[in-house]
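Please examine the sequence and structure before reading on.

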Amino acid sequence: MDLGKKIVMNGDVLQGFLQAIQPTSLAATAIGCFLGIVFGMIPGMTISSGIIILLPLTFVLDPSISISLLLGLYVGGMLGGSFSAILLNIPGTPSAAATALDGYPLSVQGEPGRALGVAVLASFVGGLFSFLCLFLIAPRLADLALSFRAPDLFSLVFLGLTVICSFAAKSWIKGLLSAVIGLAIVTIGQDPIMGTARFTFGDANLLSGVNFLTALIGLFAIPQLIQSLGEGQIINNTTQPASMSFKKLLPASIDIKRMRLPVSIGGIVGSLLGMLPGAGGPIAAFMSYDYTRKTTDDSQKFGKGAIEGIAAPEAANNAVTGGALVPMMTLGIPGDPVTAILIGALLIHGLAPGPLLFIERADFAYGVIFSFFWANIFNLIIALAALRLLVKLVATPRSILMPTIAILCVVGSYALRNSLFDVYVMFFFGLLGLAMKWLDIPVVPLLLALVLGRQLEENLRIALTGSQGDISVFFTSPFSAFFLGIAVISIIWSIKNTRKVRSKNITT
Amino acid sequence: MQLLVVKTLRSSKHLIFLSLFLFGSAGFSQYPDRAIEFVIPFDAGGGADIEGRLLADQMSNVLGVPVVPVNKPGAGGAVAYTYLMNSAPDGYVVIWNSTSILTITNLGYVPFTYDALDHVGRVEFQPLVLAVSANSPWNNLESFAADCTSGNQVLKLANSGTGSGTHLGALSITSAIGCETLHLPIGTRRRNASVLSGEADGMIAPLTGVINLAKANRLRVLATLSAERNSVIPEVPTATELGISSLFDLFRGLSVPKGTPKEAIDRLAEAMIGAAKSEGFMRFSEEAGFTVEPMEPADFEMLLAAEDNKIKMILENTEFIMPNNN
């Protein structure tokens with residue numbers, strides 16, 4: 001493509017670089033990162049809602065400053081979502097759900113600083129890796145990502161679902177039961193192809209189904225609140241005497257060594273999945289988590305505060321940001337809600353992201369790419385500076401922290417769609433979470449089914465509509481066949497692994 | 001420049017206040033005296049959202065009270081329209097409507113019709129277009145129509161969702177051509193991608209959704225479904241002028257709960273028209289590719305009635321299977 005030739009060091013690249021290092025742009029990036037971390041941490045405040053709050057500001061600001069601000073918020077929000085996942089076990093964003101699996105246990109074991117440090121560093125490396133993808137090979141990758149069709153996406157999502165096996169090791173029946181409950185819940189609302197109402201009982205609120213984040217808040221936070229009621233000061237059985245390390249901000253060298261592989265997996269998986277419109281952060285985070293567990297010798301420590309289990313999803317969800325910018329910048333196709341808003345914010349200033357932008361305003365296009373680079377740098381600096389404060393948050397007396405979390409759950413589930421109905425849905429999922437805890441059914445398979453179920457059905461049915469019912473499309477498309485092959489390997493691997501370690505439990 | 005605009009708007013605001021003071025009817029002359037809720041029936045970030053936010057921003061300049069955008073997404077607008085149905089008709093809640101108010105009511109997603117709300121006016125419209133990949137063999141609508149009717153292959157047309165305006169537009173043009181296609185409800189996020197990859201042979205899409213890829217020569221716009229050629233793409237013919245009579249424009253405007261006082265509706269219409277013609281909104285429209293052409297309440301009612309009929313006709317003629325039978 002023509003664009004490929006343009007990616008060489010030329011005047012536009014330099015111009016873009018200079019635009020991104022203007023003091024005002026840098027300041028805007030830094031403010032954006034800070035706000036992003038704050039927004040990301042508050043349950044119910046998604047990155048999209050944070051960006052929307054700032055959007056009116058960008059009506060009056062210079063476009064290069066606006067985009068710096070918004071990109072800072074995007075990158076900061078991804079990390080902020082993980083902070084609340086690690087500290088409070090409430091993922092601030094869907095992409096941070098996988099981080100809670102090991103981040104929260106490590107935090108409860110008295111090492112919140114270590115968990116946060118690993119998350120910050122992994123995010124930074126993941127973000128930088130996706131910046132390189134964006135800067136060096138964006139146009140070619142964009143075309144590759146575009147050639148994904150419905151059958152390929154179905155198989156990819158199916159592959160994502162096989163991650164469930166890893167969380168069902170204790171009991172296959174209970175794990176699969178949890179997944180099936182999740183898939184059943186996904187069928188609530190209009191079906192993705194015909195729009196037929198399913199299980200809505202005539203209520204318009206249910207037409208759009210169950211919001212993933214609403215369910216997430218209920219499933220994670222409510223059982224934990226109830227449990228802490230019963231146990232007074234203790235929040236989790238595994239709580240040990242707190243010995244928080246305030247001093248060490250960056251991970252120790254032994255941790256860095258353990259992070260190498262997971263961060264590489266996360267960076268690659270995140271960047272690639274970020275480029276596919278609609279695939280998104282949660283799949284990338286869970287898949288990286290799963291692959292890391294499978295390639296690590298000591299997979300038993302996962303779910304109990306493994307450094308690797310934090311590093312992989314964190315690198316992945318921040319790499320998704322750079323990946324999502326690839327189709328947005330090169331084709332004007334948004335991969336997630338945030339990039340859709342970014343496109344709108346640029347349009348207001350007469351700048352339409354897409355192939356033309358690289359031809360007509362290449363300096364600006366590169367300015368955006370470099371702003372993304374600086375957003376990652378500032379994210380690291382601001383997050384490290386904020387760590388001391390954040391770690392203290394965990395030391396807040398339970399009598400203050402728990403009611404605060406309860407309020408955040410209610411406000412958060414309301415704020416997502418400005419709907420009181422969603423608050424009831426959140427409480428329903430809280431009860432479901434309690435019941436599952438009581439029956440010792442793992443929650444993660446349900447969670448995965450909720451994230452992936454709708455895409456699974458949608459892509460399956462579009463693929464079959466397109467092929468007029470011919471199932472062979474899933475095997476004749478090379479991408480699809482490849483993903484299905486890996487899915488089979490993934491399942492076999494999990495079964496073998498489970499037989500080996502059946503005696504030990506994997507808590508989720 | 002920015003300052004100047006603000007200043008002009010401020011002074012016009014005072015002027016309007018003054019005129020309201022002089023001519024306003026007693027009892028409602030204080031309207032509006034508090035913030036107005038501006039419901040956007042779609043997710044944050046889409047075209048509807050950005051346009052709506054910009055309009056709300058400009059409307060608050062005219063009205064002198066905050067006009068606060070609130071997203072109530074879900075079920076193609078059904079959630080938001082239902083919310084409005086149940087809101088107090090006091091002039092402090094408006095909805096940024098679209099063609100969806102006619103589609104979801106006709107498809108039975110909600111148990112009421114479009115006239116269960118009162119309507120303030122239209123702000124803008126944009127044509128639906130038939131677009132194909134620039135690598136496709138079709139250079140004009142005639143060749144596409146010929147391949148579609150030949151029966152050698154079943155062409156696939158992508159749309160934004162079953163029963164959406166783009167789907168109805170696709171049904172309208174294919175029945176006008178007289179051919180059968182597969183309709184793939186791929187959704188807004190992947191619709192353009194599916195045409196570029198060849199997964200779909202073409203698509204019916206709003207002009208704003210394809211304009212930039214068309215300018216970059218990645219997509220080819222074969223025809224618009226408008227009555228007249230569009231000033232954004234004057235070189236593209238209308239389907240009608242090629243002898244294929246298929247008309248389908250998408251509109252956006254404002255509605256309020258049934259029973260909202262006429263004074264409030266008129267005041268809102270006035271503010272809406274002022275905001276639509278503001279420099280900020282006009283500049284955005286040029287870039288995005290929609291046409292700002294405000295309509296007063298009475299004209300908009302007529303347009304809605306006509307469009308509602310047209311949609312009913314399309315659904316009947318194509319024997320569209322109603323997803324909901326309630």
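## The interface of chain A and chain B

The model is predicted. In it, 49 residues of chain A are in contact with 45 residues of chain B. The two chains bury about 3,900 Å² between them, and 64% of this area lies on carbon and sulfur atoms.

Polar contact joins four residue pairs across the interface, with both residues at pLDDT 80 or more. The count of salt bridges between chain A and chain B is zero.

## The side contributed by chain A

Several helices of chain A give two or more residues to the side that touches chain B, among them helix 4 (47-60), helix 7 (112-146), helix 8 (150-161) and helix 21 (444-466). The largest share, seven residues, comes from helix 16 of chain A. Sorted by class, this side of chain A holds 30 nonpolar, 15 polar and four charged residues.

## Confidence in chain B

Chain B has a mean pLDDT of 85, and 88% of its residues reach 70 or more. Within chain B, confidence is highest in strand 8 (residues 219-224), at 95, and lowest in helix 1 (residues 2-23), at a mean of 46.

Residues 1-11 of chain B have pLDDT below 50, and this stretch has six contacts in the model beyond near neighbours in sequence. Over residues 15-26 of chain B, pLDDT also stays under 50, and the model has nine contacts for them beyond four places in sequence. Where pLDDT is low, predicted coordinates should not be read in detail.

Notes
Residues are numbered from 1 along each chain as its sequence is written. Chains are lettered from A and ligands numbered from 1 in the order in which they are written. This is a predicted model: local features need pLDDT of at least 70, side-chain atom pairs count only at pLDDT 80 or more; totals for chains, interfaces and linings use all residues. Side-chain values use heavy atoms; hydrogens and water are left out. Contact means heavy atoms within 4.5 Å. Buried area is the accessible area (1.4 Å probe) that two parts lose on being put together, summed over both. A salt bridge is a side-chain nitrogen of Lys or Arg within 4 Å of a carboxyl oxygen of Asp or Glu. A polar contact is a pair of N or O atoms within 3.5 Å; within protein, one must be able to donate a hydrogen and the other to accept it, and residues adjacent in sequence count only if both atoms are side-chain atoms. Helices (H or I, at least four residues) and strands (E, at least two) are DSSP runs, numbered from the N terminus. Ala, Val, Leu, Ile, Met, Phe, Trp, Tyr, Cys and Pro count as nonpolar, Asp, Glu, Lys and Arg as charged, and the others, Gly among them, as polar. pLDDT is the predictor's confidence in each residue, from 0 to 100.
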